[in-house]
Amino acid sequence: MKADSTINTNKLKAVLSHSVTSLKCRNKKYSLHTTRTASRSFEYAYVLNIIVTDYSGEEDALILPLLDWLATHQADLLGNDDKAKGIRFMVDFNNHNSVDISLEIDLTERVIVKQTGTRLDITHAGEVTPTPDYTAPWWQLYNGTKLLAEWQVQPIPPV
């Protein structure tokens, strides 16, 4: 697994940490996808499991920054009917004040392999993202006058 998966997970933690106090992320259910062509390029696929415990905030304060992160780092998950089930969650009610939330997100990372003679060069492809309808680097989410969350959008560096 490439190091960027850990870096991207850390960026997601930074985004979500503005709205939660107990957050755990882990990758699970790894698989490889190949195209059975002459190319040796492939794709890592895995499930990112995000566990938020004792959460007492508004659900929007958790979901909107997550969707913002996905729009930057895994845009193909959004607006794609074939991947409509790529974001799943379960909620356990602890009491009247807090819940435990477990999110599972199907993520992929493309690896391009190019052959020159007997040499193989790999490149971890960046995400192809559409131009967002917003460009502000810093966001605040409000419900009326109540501040629910705030986060910074991390642009993808050019590949």
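In which strand does E43 lie? E43 is in strand β2. The model is predicted, so confidence comes before detail. The protein chain has a mean pLDDT of 77, and 75% of its residues reach 70 or more. Among the elements, strand β3 (residues 87-93) has the highest mean pLDDT, at 92. Helix α1 (residues 3-16) has the lowest, at 56.

Back to E43. This residue is buried yet has no salt bridge. The nearest side chain of opposite charge belongs to R110. R110 is 5.4 Å away, whereas a salt bridge needs a nitrogen within 4 Å of a carboxyl oxygen. What surrounds E43, leaving aside neighbours within four places in sequence? The contacts are S31, L32 and H33, together with T108, E109 and R110.

Aromatic rings come next. A pair of such rings is described by the distance of the centres and the angle of the planes. The count here is two aromatic pairs. One joins Y30 and Y46, with 5.7 Å from centre to centre and 35° between the planes. That pair is tilted. Y30 and Y46 are 16 residues apart, and their pair links distant parts of the chain. Y30 belongs to strand β1 (residues 23-34), and Y46 to strand β2 (residues 42-55). Are these residues buried or exposed? Y30 has 45% relative accessibility, so it counts as partly exposed. Y46 is at 5%, and therefore counts as buried.

F42 has a relative accessible area of 23% and is partly exposed. Y44 has 19% and is buried, because the cut-off for buried is under 20%.

Now helix α2. How far apart are its end C-alpha atoms? They are 21 Å apart. The helix has 15 residues, and at 1.5 Å a residue it should span 21 Å, so the two values agree. The buried residues of α2 include A61, L62, P65 and L66. D68, W69, L70, T72 and H73 are also among them. In an α-helix there are 3.6 residues a turn, so residues three or four places apart point the same way.

L77 has 6% relative accessibility, so it counts as buried. L77 and T108 are 31 residues apart in sequence. In space, their C-alpha atoms are 9.6 Å apart. T108 is also one of the contacts of E43.

Key
Residues numbered from 1 in each chain as written. Predicted model: local features only at pLDDT ≥ 70, side-chain atom pairs only at ≥ 80, totals over all residues. Heavy atoms only, no water. pLDDT = per-residue confidence, 0-100. Helix = DSSP H or I, 4+ residues; strand = E, 2+ residues; numbered from the N terminus. Phe/Tyr/Trp six-rings, centres within 6.5 Å; stacked < 30°, edge-to-face > 60°. Buried < 20%, exposed > 50% of the residue type's maximum accessible area, 1.4 Å probe, protein only. Expected span 1.5 Å × (residues − 1). Lys, Arg positive; Asp, Glu negative; His and termini not counted. Contact = heavy atoms within 4.5 Å.
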